[in-house]
Amino acid sequence: MTTTEYRPTTPPTSSNKTRALLDAGIAAGPVYLVTALAQALTRPGFDAARTDVSLLAIGPHGWIQVANFVVTGLLVIACAAGLKSKLVATFGAGLIAAGVFVADPAGTAISWHGALHIVTAGIGFLAFTAACLARKSLYSRVTGIAFLAGFAGVTTGSTSPVVVVGFWVAVALAFAWLAVTAVHAQRTTNH
């Protein structure tokens, strides 16, 4: 007869909770980018070099991009809790709202939900830019400016590959910044 020793589980420490929240920020970029790129490369007629990623939320498979916006937004908000950053939380909320309020098809009149897509995403993007610019590092400031420039470019409605691909790059830089910031915060939390 064997006996097993009873060991009570230790409740998670504050630093473990914070680490888990920050891990969400590290995951946010890969989740968003892999999901968006997989759709862009497999969606018939979608030209990733000329079409805004928000338009993936339209059509029969649009729910995938809607879910991508919402899940990524939730991951960003979790990270924001770990960072204690209202600006990053606002960015996450903007991503969720961008999923809830679907963009209008290119070349059509702007509907109420299309307008809310633009406004809520814009608020989130401006909050993200402010979060970057609030940091003193050159990396943070360059990321914030690049993201703002990419966002400004796509708000023009341009289908130029320079503008559209530039925004894809800016989004990738933004999520890289979030991951680097989360890793840095984890190292600081552990000490």
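Helices here are DSSP runs of H or I with at least four residues, numbered from the N terminus. By that rule L116 falls in helix α4 (residues 112-133) of this predicted model. L116 is partly exposed, at 32% relative accessible area. Setting aside neighbours within four places in sequence, L116 touches F101 and A121. V180, 64 residues apart from L116 in sequence, sits 30 Å from it, C-alpha to C-alpha.

Now for the rings. The structure has 13 aromatic pairs, and here are two of them:

| Pair | Centre distance | Plane angle | Class |
|---|---|---|---|
| Y32 and F69 | 6.0 Å | 40 degrees | tilted |
| F128 and W177 | 5.2 Å | 90 degrees | edge-to-face |

Y32 belongs to helix α1 (residues 14-42) and F69 to helix α2 (residues 62-83), so that pair links parts of the chain 37 residues apart. Both Y32 and F69 are buried. F128 in α4 and W177 in α6 tie together parts 49 residues apart in sequence. F128 is buried at 0% relative accessible area, and W177 is buried too, at 1%.

Back on the surface, V165, V169 and L173 make a nonpolar patch with about 210 Å² of accessible area together. V165 is part of helix α6 (residues 161-190) and counts as partly exposed because its relative accessibility is 35%.

Terms used:
Residues are numbered from 1 along each chain as its sequence is written. This is a predicted model: local features need pLDDT of at least 70, side-chain atom pairs count only at pLDDT 80 or more; totals for chains, interfaces and linings use all residues. Side-chain values use heavy atoms; hydrogens and water are left out. Patches are made of residues with over 30% relative accessible area and no salt bridge: like charges are joined within 9 Å, nonpolar side chains (Val, Leu, Ile, Met, Phe, Trp, Tyr) within 5 Å. Accessible areas come from the Shrake-Rupley method with a 1.4 Å probe; for residues, only the protein chains shown count as cover. A salt bridge is a side-chain nitrogen of Lys or Arg within 4 Å of a carboxyl oxygen of Asp or Glu. Helices (H or I, at least four residues) and strands (E, at least two) are DSSP runs, numbered from the N terminus. Buried means under 20% relative accessible area, exposed over 50%, partly exposed in between (1.4 Å probe, protein chains only). Contact means heavy atoms within 4.5 Å. Rings of Phe, Tyr and Trp (its six-membered ring) pair if their centres lie within 6.5 Å; planes under 30 degrees apart count as stacked, over 60 as edge-to-face and the rest as tilted.
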